[in-house]
Structures are given as C-alpha cells and as structure tokens.
Amino acid sequence: MKKIMLLFVLLVGLLSFSQNEATTEKRIQSLVKKMTLQEKVSLLHGNSKFYVSDIKRLGIPEWALSDGPHGVRAEMNRHNWQYAGWKDDAVTCFPPGTAMAATWNLDLTAQRGYVLGEEARFRKKDVLLGPGINIIRSPLCGRNFEYLSEDPFLISQLTVSYIKALQTKDVAASVKHFAANNQEDNRFVIDVTMSDRALHEIYLPGFKAAVMDAKVLTVMGAYNKFRGDYCTENMLLGRTILRDLYQFKGVYMSDWDATHSTVNAALAGLDLEMGTNKTNYNEWYFADPLIKAVQEGKVKESVVDEKVANVLRVMIKTKVLDPKTRIKGSVNTKEHQALAYQSAVESIVLLKNENQLLPLPMNALKSVAVIGDNATRKHCSGGLSSEIKPLYEITPLEAITNKFGNQLQINYAQGYNKQSSPGEGSNKGQLNSDFVDWKLIDEAVAQAKKSDVAIVFAGLNHDFDSESFDRIHMRLPYGQETLIQEVTKANPKTIVVIIAGSPLELSGIQTRVPSIVWAWYGGMEAGNAVMDVLSGKQYPSGKLPITLPVSLQQSPDVALGNYPGRDLKVNYEEDILVGYRWYDTKKIEPLYPFGFGLSYTSFAISNVATDKKTFDVNDTVTLKCTIKNTGQLEGAEVLQLYASQPVCSVLRPQKELKAFEKVVLKAGEQKEVSLKVKVKDLAFYDEKNANWKVEPGEFIFHLGTSSKAISNAVSVQVK
C-alpha cells in the first residue's frame, strides 16, 4: 500500500509540474504574439552595462544582471565601468571558487548558494553571473582563483549543489564560460583545438551537469574561439551540444563584448548580447542589425521568437513578471557572515605539520611574530569582475590582535612589499616581482628572533590572480622565498600561510619550514578563519582541488609546449590527461597531489567492500567502508573514491574521481559510509560513434584520502 501511495504522489507531482510548464509556455507565446519586432529585439541586448530594457506596456520590467560568483558586486554606473558610489551596496563576501572547492562540502556549497541568492534579491538583481567552472588546465591562468578545480567530477558536484540552491531564491545563475576558456592571455582571440574525448570527458561535464541536473537558467558564452569559430557563434557548442544534446531551454548570453556577428550568432543559438563596446546600443549586433537581418530574410523571425521565449521563460521561472510573489531577500545578516566564516574555515588545507607544531598552544606563548604583506592586505576588492565590496574584511593581523593581543606580544613586520599596482586589465603589478628587499627581510628576522613562534603570511594577491591576464611565472613573488628562508633560520618554529588562488612552486620552502598552511583568499572572514585554525579553535579539513607541481615544467600544458599557444592558436595535446590524470598516468611526482590535506587528528579506514562483484551497465556500484577517528581531537576526513579500467581499447587515466564524502568525527568515533557510482559513469567518450561507451571488463575502485594516498582497492567485473 505504501508503494502505491508513493507512486500516486509522484504521478500527481509530475502531472502538476507538466501543467505548470504548459501554463508557462502558453503565457510566453501570448506575450510574444503581442510584441512588435522592435520590442522583441529590445529583450535580446543590453541597454546599459548590466541591464536589459523593459517593455512597460506588457508589464515586463527591466532585467538586472550582476557579477557575483562569491558575492554580489557593488553597483556600477549604467554606461561606464566606474562604480556608482552607493553607500548601501556592501555585501557578504565568500571565499572564491578554488576555496569553495577545497571544502569538498556539498551542503556548505548549497548554503552559499542560498545566501548569494538572498543577497542578490535584496539588491534587486535577477541574474547572478556565476559560477565560473572552467577547468584549471594551466597553473598560470589568471582566473584560476575564480574557477573550482582541475577535476570535472568535483566541479560538477559543487556546481549542481550551488546552482540548485541559488535558484530557489528567484535568481537565475549563469554558469560560465562556455567553453574552453582556460587562459586569459589572448582570451579574446585564442583559437582552442582539442579532441572530442577531451571536450566531453574533461571540459564539458560541469556544464552538462549544470544544465541537465541543476537546470541552470542561463549559460554564458566564452570569449575564445573553438575550432575556428567564436564560442558565441559556434554551431557545435551553441546548437548541437547546448540546445540539442543538453536540451537547454534557458538564456544563452555572451560574455561582455564577446559577440562578433548578427546572423552567425543568432543562428548558433545566442539569445542575449551583453557588453558590446559600442556607445550606441542600437548599433549592437542584436539590436538594429538583427531587425535588418530579419527584414532581409537572413534570420527568420521565428528564430527571434525562440530567443525572446527563452528570456521570458527565465523571467517567469524567477518570478520577474510576478514581483508580488518574489523573495525579497536579505543582506549581511549574522547567519550570512557565519556561513562566510565557516566556508573559509573548511577551505583551509594543512600541507605540512612537522612535530605537531600546529595547533599553536596560545596560552603557553608569550610572543608571536606576524610577518608578510598578506597579513594586512585585503583581497575582496581585487580581481576585476569578481571584485566585491564587503561590509568588512578581517585580515590575519587584525584577527590575532583582536583574539590574543591582551595575552601575548605580537611583533609585526611587513617582510615583503608588492612592487606596483596593476592598471585595468594589465599585468603591471607582476613587474619586478623578483626584487628582494633586504631591509624588510632584516626587520622581519629581527622580529622572528625575539618571538616564540613566527607566522609568515605569504603567497599572491590580485596583481597575479586576476581576470584579464595570466601570471608570468609560478614562483613566490616579491622575494618571499628568501624571506621565508631567513626567518626560518632565525626561528625554527616558523609557520608559512599561503594566501593564493592558484598553484605556486613551494619546493624551495617545503623542506625548510616545519608547517605550511594553504588558506586561499578567505573572503570577509579570512583572518578570523585562519587564526582559529592555527590556534586550534577550529580544525583544518580542506583538501586540494588542484595538484601542486614541483615546478611549472611538470604541468602538461607547459611540458608539451602548448601554453599559451602559437599564432593565436592552442592545441590541447595533453588530451584527457589534465591535472592529476597527467601526473598519475605519466608517473610524475608532484609536490602535493590532488585531494591532499592533513588533519590535527588521524583516521583509519576498514571493512571496505562493494555490494557485489559483477555489475550490469544499468547498475549502481555501492562501496561501503568504516572510517574511525583514531586520534585525540575532533576532525574531518574526505573519503575519495577513484575508478580505473586496467585493460581498455583506448587510453584511460590511471584513475578518475567518481565519488567523495566529507565525514566529521569526534575523537574515537567511527561511521559506516556508502559511496555510490553508476556503472554508466565509468564510460569513456567513444569518438567513432560520438557516444558514451562502457567497455566490459575489470574495473578497480581505489579508496583513499587523496589521489596518491590510496588505502584500499576493490576489483569488480562489468558485463
């Protein structure tokens, strides 16, 4: 009887959903029929930097878009890139993309989505431009800090969690940048070539999951070309894949100034043109030129109707056309700030901890040296399109002073200094970054000598991690390596905290310092989070969502000579071997592997087994295990399940991430965990048949706590 009732409830739900969809489509068609061609076209291009025109007579309001992958951007002037100078547009600032991925926590990612949706609605925004989910292919890409990971599965899981939550708040997400925007150098013109396998196995899964699983309402086209055509007028990407294969019915918009044609872009599926660098909005490609193209028969009016329908569909789903029923939103609540703090805490990765130097016994210390420009630098307002105006931003020096200033001596030294400030869209801030300032180093050494412990806040800033340009090297800039070496000589109890959003060469300090912590850009609560982890109030639980190579030359794009390209073309010769897939398959030892992160406690994994040994293609593999906290402190471990196929007709990576779960355990506590993998998700992309294929044979499931730290392997057969 219970099964019959459940089936009845599901059928009623499906019927209701179908009726709602039918009502929506009827409403859309009714509105489209009432519009003139000029009114239709007015909905397909911006009327300012971040707005689309209203149609008052039909009750269609102006559509408001905003940058915002980790916070809602401050208000811009309507017709230039200057800030409007509002006094009430400060918001909650979360850690950027790589830090979000480092939490490996889907629930936390969803909570972030809820908060950003609430704050976007409070600011009266309809579309939030994010998340950015391009693969971290090159360590040098300037926007790595905004993106999530080198792994498409981790990206997909996080993306779905974030988008689903955000869109419950009557705000449309805009997943970006579709597709293969993996470098900023020459981003407006670079022509990317790769195999179909690489495209479908590595670079598209996040977008596919966003559209098909999260039902994302808008997709943003990338700047670059793909196989000869700009992404925004690329038939393969816009029509064959996005519209036909993924059945996307939302708005496909351009990145700002990424539209290059009228007819080609219209036919390739682009719906909305934004940011074109022409003062007269009527001259944009999807303005008067589109009207003319329809009148001349180059574009059918039915194509325009399709685009208008897509825009209206998103407006209806987010209740833009029904403002009385929309969520009003909230901003800067205590709950929002607490979530920003927790997000920063859980992102922090403990890379090294010799002799259990961490957590610091703060009650036993009399003095601490705090060293480094990043101890006082605020990062939320940098990075161009991801710039956030936070209500506040706590630096590490402020945090340690607020928390412990009354009980111990805090000895601060700047240690190093950024050499210049960047111009808009330039990398001037990276110039002369190898300069060693011995005066600052001597001051830092003096403070370290008279302190019980030294903490060096090192890494990057948004002179390096930024939209619009790539990094010129992967070294620690501003003489930091020399600074750290000298400080460690003066005080062997030196902790290095890396503030950065993309890989750095740390081999020069890795053997010299006892403790290394990677703290990313931590958002508005950055200082509080890192000091609470260092002092033991919180425990580190982050895991690397990227590989940290020994040197730049280990990275496949550089090793194969395919970065940044030649003659404005780049071939992804490494194919599917991106990130840890490259290092594992080629047997190259990185400095720190993908998924790596230490804890203040220890864990043991046991009783590892799959539910059976032989599976059909439509089955789901369930792997169970027991994880126990065998240490003295509470902590969290991320169980990571990788799969491999030892014998296959095509090259396959040594292993690929297929499931994970973050488990929090008190000292002595244990828990049984089930990790599930659909057999269909073990497929590779068959280029001959342009489809996914599960080749029968042996598959091995590798369970561990990083791509290298594999504790158990279980073999199964797929029929």
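How many salt bridges does a search of the whole structure find? I ran that search and got 44 salt bridges. I note for myself that this is a predicted model.

**Entry: Lys40 and Asp305**

I looked up Lys40 and found its side chain in a salt bridge with that of Asp305, at 2.8 Å from N to O. The two partners come from distant parts of the chain, 265 residues apart: Lys40 belongs to helix 2 (residues 37-42) and Asp305 to helix 11 (residues 301-317). I then checked the accessibility of each partner. Lys40 has 5% relative accessibility, so I list Lys40 as buried. Asp305 has 23% and therefore goes down as partly exposed.

**Entry: Lys389 and Asp89**

Next I turned to the salt bridge between Lys389 and Asp89, where the closest N and O atoms are 2.6 Å apart. Lys389 sits in the loop between strand 11 (367-371) and helix 13 (396-404), and Asp89 in the loop between strand 2 (63-67) and helix 3 (97-102), so this pair ties together parts that are 300 residues apart in sequence. Is Asp89 buried or exposed? I read 1% relative accessibility for Asp89, which means buried, as the cut-off is under 20%. Lys389 is partly exposed, with a relative accessible area of 32%.

Lys693 counts as partly exposed at 33% relative accessibility, while Glu695 counts as buried at 14%. Then I followed salt bridges that share partners, and they join Arg143, Glu146, Glu184, Arg187 and Glu467 into one network.

**Entry: Lys655**

Where does Lys655 lie? I found Lys655 in the loop between strand 20 (635-644) and strand 21 (656-665). Its relative accessibility is 6%, so Lys655 counts as buried. I listed what Lys655 touches, leaving out residues up to four places away in sequence: among them are Tyr580, Arg581, Asp584, Tyr642 and His702. The side chain of Lys655 also makes a polar contact of 3.4 Å with the side chain of Gln654.

Leu568 has its place in the loop between helix 18 (556-559) and strand 16 (569-571). With 41% relative accessibility, Leu568 counts as partly exposed.

Terms used. Residues numbered from 1 in each chain as written. Predicted model: local features only at pLDDT ≥ 70, side-chain atom pairs only at ≥ 80, totals over all residues. Heavy atoms only, no water. Helix = DSSP H or I, 4+ residues; strand = E, 2+ residues; numbered from the N terminus. Buried < 20%, exposed > 50% of the residue type's maximum accessible area, 1.4 Å probe, protein only. Polar contact = N/O pair within 3.5 Å; in protein donor to acceptor, adjacent residues only side chain to side chain. Contact = heavy atoms within 4.5 Å. Salt bridge = Lys/Arg side-chain N within 4 Å of Asp/Glu carboxyl O.
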